[in-house]
Amino acid sequence: MKSHLTSRLYTLVLASGIFGGTALADVKLPAIISDNMVLQQDSPTGVWGWAAPGEKVIVKFAGKSADTAADAAGKWGVKLEALPAGTTGEMTIAGKNNLTIKNVVVGEVWVASGQSNMEFHVATGKDAAEEAKAADFPMIRMFTVTKAAKTEPADDCVGKWEVCTPQTVPGFSAVGYFFARRLYQTLKQPIGVIHTSWGGTPAEFWTPKKALAANPAFQPIFESWDKAVAAYPQAKEKYDKELAAWKEATKTPPAPGAEAPKPPRAPRGGEGLGSPSCLYNGMIAPILNYTIRGAIWYQGEANAGGPDLYKKLFPAMIRSWRQAWQIEDFPFLYVQLANFMQRHAQPTDTNWARLREAQLETLEVPHTGMAVIIDIGESGNIHPKNKQDVGLRLALWAEATVYYRDQEYSGPLPSGFQIEDGKARLTFRNGEGMKAADGGKIKGFAIAGEDRKFVWADAEIQGDHVVITSPEVPNPVAVRYAWDDDPECNLINNTGLPASPFRTDTWPMGVAK
């Protein structure tokens with residue numbers, strides 16, 4: 001009797017669809033295909049999801065239609081062709097069930113990724129209250145990918161599209177929002193930003209395993225993770241004890257003027273966070289079918305300890321994203337590290353200076369752009385609050401190099417170097433109208449001879465050239481500019497955009513004096 005009842009109950013459950021039945025037959029969509037989304041204009045626009053194997057799916061939007069059948073794994077995808085900017089309406093997806101996506105608009109779509117300075121919210125930035133009050137832009141929308149680290153590529157993520165309003169914008173990525181706002185004001189088209197970032201994370205977390213495995217220089221990344229996994233059980237045991245002690249200690253409020261104890265940091269090696277490619281798997285892979293115009297990126301702080309490796313890693317990451325999206329050479333615009341930490345009285349050499357060099361050299365990758373912010377950082381704050389100018393400077397690159405606006409978009413970038421009569425002559429591109437930002441003498445240049453000892457130098461602007469001299473260095477061989485953690489530098493062009501830090505030598509760290 002018991003067996004008969006159990007069999008009958010199982011049959012009823014299957015019929016109700018709880019264990020698969022009709023539930024598995026339903027057409028399902030990824031989180032990013034949802035209300036308020038922005039679709040990329042004038043490009044084959046991807047729409048995808050899941051259904052029963054072989055199930056026919058029809059997608060309709062703005063008078064266009066595309067159909068397909070789910071494959072053996074239940075996956076399906078279509079492309080909607082050539083949607084014009086400004087198109088609005090509802091999208092319907094029909095299979096054995098019908099779904100309606102509301103308030104869809106067509107415009108420009110950009111991914112915004114990186115670490116904490118991209119994650120940084122409007123609410124914690126400069127003029128937060130005033131910015132929120134003015135943020136009534138229903139044609140700007142942002143999809144924020146919920147943080148997720150995975151050891152293998154995920155099919156979907158968690159998140160939702162939010163329309164920009166004074167109520168929603170405080171939680172937006174500040175750089176993403178100010179970039180989008182400038183583009184919206186310039187292009188007069190809807191702008192969608194897919195924000196996917198995680199503070200404190202290095203570029204190898206955002207790079208697919210295939211790209212990392214292809215270069216022997218990245219092998220230490222895998223070795224480091226293997227060691228963390230092996231050590232995890234013991235590290236986890238220690239962490240659990242420290243966490244219990246911290247919880248006990250924080251039951252009592254700290255004494256007046258005393259700081260509350262900080263919680264212990266969870267060890268690497270357990271869940272996915274910390275493994276190579278973990279954030280590419282959890283926060284990039286799920287959105288790869290979404291058609292985009294390009295990407296903006298603010299990261300580098302977590303890789304500052306290895307600037308030489310970053311020269312290989314960062315370009316590899318960019319190329320791997322383009323391959324994964326199957327959008328050849330999509331624009332990739334990034335932010336160079338800001339001024340931060342100590343300002344040295346004498347010329348020096350630092351990892352942050354060399355990381356900025358790695359970012360500058362990445363401009364050699366086609367269709368990249370770099371916003372220089374060496375003038376708007378904060379010495380004592382790794383998260384400078386002025387994100388308005390960061391978003392603006394990224395947008396200037398996009399307007400000029402992606403949307404072909406005739407305008408200046410970068411500060412002076414080094415393009416040539418020669419020695420003549422005891423002087424170093426530098427040439428620049430994007431250097432029209434070079435001058436000192438404060439109207440005084442040009443600051444930030446150092447010069448060295450064969451002894452590799454750098455001293456501060458005098459700088460004279462001659463058209464698009466800057467001539468560098470010092471009576472202490474009669475026979476110069478190398479010049480550096482803004483080569484410090486928090487350099488004193490003031491070279492700009494006629495639009496007020498700052499020159500990038502750079503050097504003309506290739507001497508290893510510790511060789512120059």
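**Pocket.** I started with the largest pocket and got a volume of about 630 Å³. Keep in mind that this is a predicted model. I counted 30 lining residues for the largest pocket. Nearest its centre I found L288, N289, Y290, A324 and W325.

**Q299.** I then moved to the loop between β11 (294-298) and α9, where Q299 sits. Is Q299 buried or exposed? Its relative accessible area comes out at 0%, so I noted Q299 as buried. I looked up what surrounds Q299, leaving aside neighbours within four places in sequence. The contacts are G114, Q115, T201, P202, A203, Y310, V335, L337 and Q359. I checked P202 in more detail: P202 and Q299 are 97 residues apart in sequence, yet their C-alpha atoms are 7.6 Å apart in space.

**Whole protein.** The C-alpha trace spans about 100 × 60 × 50 Å along its principal axes. Of the 513 residues, 51% are buried. I also looked at contacts between residues at least 6 apart in sequence, and 73% of these join residues at least 24 apart.

**Surface and charge.** The protein exposes about 23500 Å², and I see 52% of that supplied by carbon and sulfur atoms. My charge count gave 53 positive and 56 negative side chains. The centres of these two sets lie 5 Å apart.

Notes:
Residues numbered from 1 in each chain as written. Predicted model: local features only at pLDDT ≥ 70, side-chain atom pairs only at ≥ 80, totals over all residues. Heavy atoms only, no water. Buried < 20%, exposed > 50% of the residue type's maximum accessible area, 1.4 Å probe, protein only. Contact = heavy atoms within 4.5 Å. Areas by Shrake-Rupley, 256 points an atom, 1.4 Å probe, with all protein chains shown as cover. Lys, Arg positive; Asp, Glu negative; His and termini not counted. Charge placed at Lys NZ, Arg CZ, Asp CG, Glu CD. 1 Å grid on protein atoms, 1.4 Å probe; cavity = no way out; pocket = protein on both sides within 12 Å on 5 of 7 lines; lining within 4 Å. Points joined across faces, edges and corners; volume = space filled by probe spheres on them. Helix = DSSP H or I, 4+ residues; strand = E, 2+ residues; numbered from the N terminus.
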